[in-house]
Amino acid sequence: MSSRRELKKLINNSMGLLYNDCIFYKVFTHSPNIQKADEIILQIADVHTDLVNRLSTSEGKEIKSRTKAYYKKVKEDLKTQVDKFGLEIQKLD
């Protein structure tokens, strides 16, 4: 199982890449849809905050299997959100 610190780094790095993709879209695309890109950035920020907060308060520390399942669910949610935002950024054209 990954440590909480490594999961936070993974979340921060993944969300940082999504932020960068939106910023690059806004700056380097000819006639970008800036309003839609800003909405996606705000959604990314909300998910980022939610995931980090979920790591800050873990559930059932005394029961190892419950803790393991909790972190596994956080990782799955991260992957799902990154995939979802990646597709939304691709559709911005």
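Which residues are linked with R54 in a network of salt bridges?

## The salt-bridge network

In this predicted model, R54, K73 and D77 are linked in such a network. Within it, R54 forms a salt bridge with D77, and their closest N and O atoms are 2.8 Å apart. This pair joins distant parts of the chain, since R54 sits in helix α2 and D77 in helix α3 (residues 64-90), 23 residues apart. Are R54 and D77 buried or exposed? Both are buried.

## Other salt bridges

The structure holds 4 salt bridges. One of them pairs K26 with D38, with the closest N and O atoms 2.6 Å apart. Here too distant parts of the chain are linked: K26 belongs to helix α1 and D38 to helix α2, 12 residues apart. K26 has a relative accessible area of 25% and is therefore partly exposed. D38, at 31% relative accessibility, also counts as partly exposed.

Another salt bridge is formed by the side chains of K79 and D83, at 3.1 Å from N to O. Both residues lie in helix α3, 4 residues apart, which is about one turn of the helix. K79 has a relative accessible area of 53%, so K79 is exposed. D83 is partly exposed, with a value of 40%.

## Packing of α1 and α2

Helix α1 (residues 4-28) packs with helix α2 (residues 34-56) at an angle of about 175 degrees, and their axes are 10 Å apart. Angles over 145 degrees count as roughly antiparallel, so α1 is roughly antiparallel to α2. The residues of this contact comprise 18 nonpolar, 3 polar and 4 charged.

Terms used. Residues are numbered from 1 along each chain as its sequence is written. This is a predicted model: local features need pLDDT of at least 70, side-chain atom pairs count only at pLDDT 80 or more; totals for chains, interfaces and linings use all residues. Side-chain values use heavy atoms; hydrogens and water are left out. Axes are lines fitted to C-alpha atoms, for helices over the stretch in contact, and angles run from 0 to 180 degrees between N-to-C directions. Helices (H or I, at least four residues) and strands (E, at least two) are DSSP runs, numbered from the N terminus. Angles under 35 degrees count as roughly parallel, over 145 as roughly antiparallel, 65 to 115 as roughly perpendicular and the rest as oblique. Ala, Val, Leu, Ile, Met, Phe, Trp, Tyr, Cys and Pro count as nonpolar, Asp, Glu, Lys and Arg as charged, and the others, Gly among them, as polar. Buried means under 20% relative accessible area, exposed over 50%, partly exposed in between (1.4 Å probe, protein chains only).
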